[in-house]
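I opened my notebook to get to know a structure that was new to me. Here is what I looked up, entry by entry.

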Amino acid sequence: MAIYYQQENRVFSLHTEHTTYQMKIDDFGFLLHLYYGGKISGSMDYLLTYYDRGFSGNPSDAGDDRTYSMDVLPQEYPGMGTGDYRGSALVIHNADESDCCDLRYVSHNIRKGKYALEGLPAVYANQEEAQTLEILLEDAVSRVQVQLLYGVLEQEDIITRSVKIRNCGTGSVTVEKAASACLDFVTGDYDLISFWGRHMMERNPQRREAGYGSHVFGSRRGTSSHQHNPAVILAEKDTTEEHGNCYGMVFVYSGNFMCETEKDQFGQTRVLMGLQSDCFHYPLEPEETLVVPETILSFSGEGLGELSNRFHRCIREHICRGRYRNRLRPVLLNSWEAAYFDFNGETIYKLAEEAAELGIDMVVMDDGWFGKRDDDNSGLGDWQVNEQKLGCTLGSLVERINSLGVKFGIWIEPEMVSEDSNLYREHPDWALRIPGRKPVRGRNQLVLDFARKEVREYIFDAICKVLDQGNIEYVKWDMNRSISDFYSIENGQGRAAYDYMLGVYDFLEKLTNRYPDLLLEGCSGGGGRFDAGMMYYTSQIWCSDNTDAVDRTRIQYGTSFLYPVSVVGSHVSAVPNHQTGRSVSLNTRGVVAMAGTFGYELSPEKLSKEEREEVKEQVRQYKRYAELIQSGTYYRLSNPMEDAYAAWLFVSEGRERALFNVVMLENHGNMAVSYVKLRGLKKDTVYEDAATGKCYYGCALMEAGIPIPVRQEEYPAYQMELTEKRERI
Ligand code: GLA
């Protein structure tokens, strides 16, 4: 049993293998948060303190007791208007025009298995792997009910939280703000680690003091965004990769979100993760319910590395689904950087011939195969194969490619419409727009209102007609602009952004049900929707439109804090790199791309004879390591935002095999030697370097490290495969 309720003191304890989460129903029915951290026994209600605090309101239930204040007490799901002046998890505009929500305990229920959320992605687990706690709270005046949902995955050290808000009153109310998780800490100085970015430079870690006042970040772009990833880490000041306490929160949602941290007047810290409150006014008629997307929580007492591992395991095993969840992914060759829009069927066939020769498993026909689409100004929405451009039918192309022993994949961008398209000419009202205003363009395209069923159904049928034309085994689902015209013809402004996301999820669910064997790769200008919500449908996501190996070491480093390597789409591209103009060796590009779902994004025709041989060897190497890379434990061995090198390591579950990777980022005359310490190996075991036959004790590699060769070359990379040796040395 992971969830306990102690009737005498009305305390809930949620235990995982290494952590405990506690809360308590107090005398007035408020649900107070007691503790989250390393595993403990007994009740933590002794941590609550009561003092008369000036300018902190007291609920009338407390009578003359001025020491009882919601402004000071740690809470599980704070509403607005109770005398708590910190940020609220929930703001409701009531039928009587007030904005108050005073939530008190009504009932609870503990059951086996993990709750699911209708229409939304969420962590899943079998009956034995998880337990669910539901706590019902109610505002007695408005009759708004809030069901707090907790999922406990004991073995994984994971706790999930979600919330259902139901209007049980007689008038209509509006939800103005809703978080799915609130974490209150009565003590502690924390650093806040968040992941900011931009198109082509996603998920840069930023570590700053969570000092007095609020820090807020999020997205208003309709997608989770390149700019801020929907996740946060709160780490005690001295926490490092290997030591110290830290908490992670990952929002399982791909649309507008908001994360707020606040250190209050007494040094207490509150963290809220949930829906973005801008552009959000969600009306609830009597008996209607709003489901707030899930947040995944984890705590590590052993530093950031262990926290990352917990999220990696959870996302790999309990978020990602489908045939490819635990299968090795095909190595693919994508046409985008090889040909952009300038191709026909023969171009794609030639890529497939090259793929066959080089040992690559799949060729992907990217943007440009449909409607009128020779550049990015037209054609979106016309999902009919342009047979004239291809010079053949899609079916015959796929067949020819398959007969080479090569799989075939295709690119789509279903949520979009170009004004220069037949679809837009027929249904201009299907694009999101605010009545009376011209819609904002992005990449010269508009966004279809995916909240509307008829729109989704039309596009779904069109896409299925394409996918049914041949043996298509992979789809890259793209989304290439931020949304701005949040307005739904059916429901107005306040619910447009949320309903849009639900529409996208509905489409994806139908697609994955209809084609259960399809490998879906998510994409939004690279990593603009790189979130756990999309990972529920697309078991890999194109990590960034930036394929430069040096920039990628940093993008993939930031990504690794919360997301597993098995979802990171990463390819070798041509040099000079198309995004940065930088040239680095094929070896370095290969080593970096191997920290993900490996592939190529170049025209093999342009490679020299020697480079072709090197690519063949690279593909062979990757296939040798693929299992270890995809399911091994990942260790960050440096901080490439600051250090002279980027280093990372994969270690197999039994720790008998490891793959060490390093890229030198700096190059100086008479350079000092860098030593990199490995982690996660067995101390007293001897490991052999597969390339040189040299042997090392695990403890030596971990305590003293290994010297990185100094070379007069820019950005050299090294890989070392270590295998356990039976004999000692
Ligand atoms: C986005 C993707 C690219 C490519 C183009 C096609 O930018 O991230 O990989 O598919 O769209 O237009």
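This is a predicted model: local features need pLDDT of at least 70, side-chain atom pairs count only at pLDDT 80 or more; totals for chains, interfaces and linings use all residues.

The entries below go from the domains to a sheet, a helix and a single residue.

Entry: I then looked up the domain assignment, which gives domain 1 (3-318), domain 2 (332-631) and domain 3 (645-725). I wanted to know how domain 1 and domain 2 sit relative to each other, and I found their C-alpha centres 35 Å apart. How many residues of domain 1 are in contact with domain 2? I read off 46 residues of domain 1, in contact with 46 residues of domain 2. The size of an interface is often given as the accessible area lost when the parts come together. For domain 1 and domain 2, I wrote down a buried area of about 3800 Å², with 60% of it from carbon and sulfur atoms.

Entry: Next I turned to an open sheet of four strands, whose order is 1-2-3-4 and whose pairing is antiparallel. Which strands are at its edges? I found strand 1 (3-6) and strand 4 (31-38), each of which pairs on one side only. I also noted that neighbouring strands of this sheet are turned by 15 degrees against each other on average, direction ignored. As a reminder to myself, strands of a sheet pair through backbone hydrogen bonds, either parallel or antiparallel.

**Entry: helix 10.** Is helix 10 (residues 549-559) largely enclosed or left open? I saw that ten of its eleven residues are buried, so helix 10 is largely enclosed by the rest of the structure. The buried residues include Ala549, Val550, Arg552, Ile555 and Tyr557. I then checked the N-terminal end of helix 10 and found it capped by Asp548, with a side-chain oxygen 2.9 Å from the backbone nitrogen of Val550.

**Entry: Ser162.** Is Ser162 buried or exposed? Its relative accessibility is 1%, and buried means under 20%, so I put Ser162 down as buried. I looked up where its side chain goes, and the side chain of Ser162 reaches the backbone oxygen of Val292 at 2.6 Å. Leaving aside residues up to four places away in sequence, I listed what Ser162 touches; among them are Tyr115, Leu117, Leu148, Ser180, Val292 and Pro293.

Conventions. Residues are numbered from 1 along each chain as its sequence is written. Side-chain values use heavy atoms; hydrogens and water are left out. Two strands pair if DSSP finds at least two bridges between them. Helices (H or I, at least four residues) and strands (E, at least two) are DSSP runs, numbered from the N terminus. Axes are lines fitted to C-alpha atoms, for helices over the stretch in contact, and angles run from 0 to 180 degrees between N-to-C directions. Buried means under 20% relative accessible area, exposed over 50%, partly exposed in between (1.4 Å probe, protein chains only). A polar contact is a pair of N or O atoms within 3.5 Å; within protein, one must be able to donate a hydrogen and the other to accept it, and residues adjacent in sequence count only if both atoms are side-chain atoms. Domain bounds come from an automatic or database domain assignment. Contact means heavy atoms within 4.5 Å. Buried area is the accessible area (1.4 Å probe) that two parts lose on being put together, summed over both.
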